[in-house]
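Here is a brief report on one structure. Please look it over before reading on.

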Amino acid sequence: MVTVSENLADAKNAELQDDLRDRPGLWKQITSFARKQPLGFAGLIVVLVFICLAVFAPWLSPFDPEASSYEHMLAPPGTTSDAGTFYLGTDDFGRDVLTRIIYGARTALFVGFTCAIVGATVGLVLGVGSAFFGGKIDLIFQRIMDIFMAFPLIIMALSIVAIFGSSIQNVIIAITIPFIPRCARVVRSSALAIREIPYIDAARANGFSNSRIIMRHMVPNVMAPFLIMLTAFVGQAILLEASLSFLGLGVQEPVPAWGLMLKNAQEYIRSEPWIAIWPGIAITLGVFGFNLFGDALRDALDPRLRSNQ
Amino acid sequence: MTTDSTLERAAGTNLGETLVQVRDLKMFFPVTEGAIIPRVIAHVKAVNGISFDIKKGETLGLVGESGCGKTTTGRCMLQLETATEGAIYYDGQDLTKLTKQEMRPLRQRIQVIFQDPYSSLNPRMKIGEIISEPMMVHKTEPDAAARDKRVRELLAVCGLNPKFADRYPHEMSGGQRQRVGIARALAVRPEFIICDEAVSALDVSIQAQVINLLEDLRDEYDLTYLFISHDLSVVRHLCQRVAVMYLGNIVELAETDELFDNPMHPYTQALLEAVPIPDPTIEKARAHRVITGEIPSPMNPPPGCVFHPRCGIAVDECKKLVPEFREVKPGHWVACSQV
């Protein structure tokens with residue numbers, strides 16, 4: 001029979017022999033992520049490029065995004081003038097399309113991240129809380145969520161903008177509110193399953209406080225659905241903002257926004273298609289990049305799916 | 001404490017220092033119907049009035065088939081379920097009457113080891129965090145360095161490499177995880193540990209190691225165990241006294257050797273006969289008395305003695321009268337009118 005003291009001695013020996021490998025460093029983790037999730041890595045690069053564009057817009061863009069110039073109206077891509085080269089052409093006000101796309105990334109990412117983070121986080125708190133406390137609280141929360149879910153996303157956003165007027169804050173509110181119940185519902189269903197797992201019992205048997213159980217034991221375990229929702233929301237919010245702007249209910253001229261650029265391009269789509277094509281590509285690429293990255297991030301962050309190779 | 005002298009006697013011997021006294025514990029789960037306005041249509045009588053004592057330093061085995069209420073008993077003692085009726089005295093305090101705040105200091109003294117080593121550890125926390133968290137909450141170790149030192153010590157005591165502190169549960173095998181579960185239970189220096197099927201999910205060779213570890217720890221730290229299991233050979237090896245449960249009731253309670261050598265209740269007899277002997281010649285020659293019929297639903301247990309529909313020696317009286325849980329021999333309690 002092995003005694004406790006022998007166990008202690010064995011463990012000391014084991015520590016000396018040390019057959020356990022150490023955790024890999026940060027650089028190794030990044031390269032292994034790129035190798036295992038090539039699509040996700042491509043998504044990450046797209047996301048990073050857009051973030052860089054948004055952050056460094058004043059230094060990267062060759063022109064002023066809001067200054068119109070009647071001499072250079074509807075210039076095709078590659079036109080060179082004394083002011084500089086319009087690589088992606090100009091729109092009907094003579095504004096450089098490339099500049100407006102770079103500045104449009106600011107609007108898109110600001111709205112996208114704000115809506116996704118606020119909406120998903122509020123949804124996370126409501127969802128986990130609702131599942132943890134259960135009973136009447138859960139019932140009431142879920143019925144309220146049902147009411148919000150009953151409205152289609154775009155109708156909900158349209159009505160909020162219609163009531164409060166179209167400003168960037170109202171666009172953000174209009175997009176965030178419908179996100180909350182969607183995230184809350186998904187998170188709640190995961191949290192309900194987690195509440196029944198013995199490690200939550202173990203925490204309760206140890207007398208941990210409700211807030212500790214929620215924050216330390218439940219929230220980290222619903223991170224996978226939460227992150228999927230969050231990254232999908234960024235893409236969706238960019239798309240919604242573009243849709244609202246396209247419908248004239250979102251961002252207003254002369255602020256550069258991709259949806260707004262598409263709206264203005266309607267009249268010229270046959271004769272000057274570049275005005276519509278470039279912002280369209282920007283929207284597609286942005287949404288696609290966030291979705292790819294989101295999927296890969298979920299896999300990478302789940303320790304059960306992670307190995308050290 | 002309770003004035004009911006039969007209950008007091010029913011709980012077994014009062015010799016030695018008693019740590020836990022369970023008195024007439026009942027746990028009924030309501031069965032509801034209707035989604036919007038739920039109404040109770042029946043109760044699942046998971047535990048239907050059981051009483052027993054656990055002495056300090058003793059290991060009490062609680063055996064029975066699946067669904068007999070042994071795990072529910074353990075959960076009631078941990079206050080994970082609020083008992084419908086009855087009392088659980090721990091060191092003189094009735095756990096069922098304590099508030100959450102009053103219960104907290106006792107939770108440090110009562111720990112639990114769960115059955116499933118895969119789901120009883122939070123997959124998002126490192127082993128070190130899992131073990132040190134109870135110490136942090138109960139403030140048994142003041143600073144992080146002391147906690148870290150104790151985590152390594154506990155891992156070593158439980159036969160694990162202290163380096164595992166930086167690992168996640170999914171990087172370990174079932175046996176290793178169960179050792180982590182044991183280390184977590186030991187972290188706050190408890191005196192009473194409820195082992196809820198603690199070795200049932202492990203394969204036989206690992207089972208033996210973990211049982212030996214539990215035995216060593218009991219001797220080393222003067223622990224008291226409530227060992228819930230369906231594995232009779234494990235119980236025989238580890239426990240001093242054994243209680244046999246059937247459909248929410250304790251049918252027999254005796255010292256381990258007495259119970260295994262001289263089982264009195266027909267259910268216990270049948271249960272022991274069902275254990276195979278690892279020798280084909282003896283096994284073949286042995287007379288098997290198989291219990292006929294299905295286990296009745298705990299929603300609607302039979303009247304009188306709960307075992308009478310399946311009992312070989314039942315008489316008419318058994319259908320009406322609930323048998324008294326009586327002391328047939330010193331320390332040997334049976335709930336059967338026919339012995």
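The sections below cover the model, then chain A, then chain B.

## Model and numbering

This is a predicted model, in which local features need pLDDT of at least 70, side-chain atom pairs count only at pLDDT 80 or more, and totals for chains, interfaces and linings use all residues. Residues are numbered from 1 along each chain as its sequence is written, while chains are lettered from A and ligands numbered from 1 in the order in which they are written.

## Chain A: overview

Chain A has 13 helices and two strands. These are DSSP runs, numbered from the N terminus: H or I over at least four residues for helices, E over at least two for strands. Of the 309 residues in chain A, 40% are buried. Buried means that 20 or more other C-beta atoms, placed from the backbone, lie within 10 Å of the residue's own.

Contacts are pairs of residues whose C-beta atoms, placed from the backbone, lie within 7 Å. Among contacts in chain A with a separation of 6 or more, 71% join residues 24 or more positions apart.

## Chain A: a helix pair

Helices α3(A) (residues 38-55) and α5(A) (residues 97-133) pack with axes 7 Å apart, at an angle of about 105°. That makes α3(A) roughly perpendicular to α5(A) (65 to 115 degrees). Axes are lines fitted to C-alpha atoms, for helices over the stretch in contact, and angles run from 0 to 180 degrees between N-to-C directions.

From α3(A), the contact uses Phe50(A), Ile51(A), Leu53(A) and Ala54(A); from α5(A), Ile102(A), Ala105(A), Arg106(A) and Leu109(A). Seven of these residues are nonpolar, none is polar and one is charged.

## Chain B: the antiparallel sheet

Four strands of chain B form an open antiparallel sheet, ordered β2-β1-β4-β5. β2(B) (39-55) and β5(B) (93-94) are at the edges with a single partner strand each, so one side of each has no neighbour in the sheet. Pairing requires at least two DSSP bridges. β1(B) and β4(B) share five bridges, and Arg23(B) stands opposite Ala87(B).

Helix α2(B) (residues 70-77) packs on this sheet and touches β1(B), β2(B) and β4(B).

## Chain B: strand β7

All five residues of β7(B) (residues 192-196) are buried, so the strand is largely enclosed by the rest of the structure. One side carries Phe192(B), Ile194(B) and Asp196(B); the other carries Ile193(B) and Cys195(B).

β7(B) runs parallel to β6(B) over four bridges, with Ile194(B) as the partner of Val112(B). Five bridges join β7(B) to β8(B), also parallel. There, Phe192(B) partners Thr224(B).

Definitions and conventions: Parallel < 35°, antiparallel > 145°, perpendicular 65-115°, else oblique. Contact = placed C-beta atoms within 7 Å. Nonpolar A, V, L, I, M, F, W, Y, C, P; charged D, E, K, R; others polar. Buried ≥ 20, exposed ≤ 12 C-beta atoms within 10 Å, placed from the backbone.
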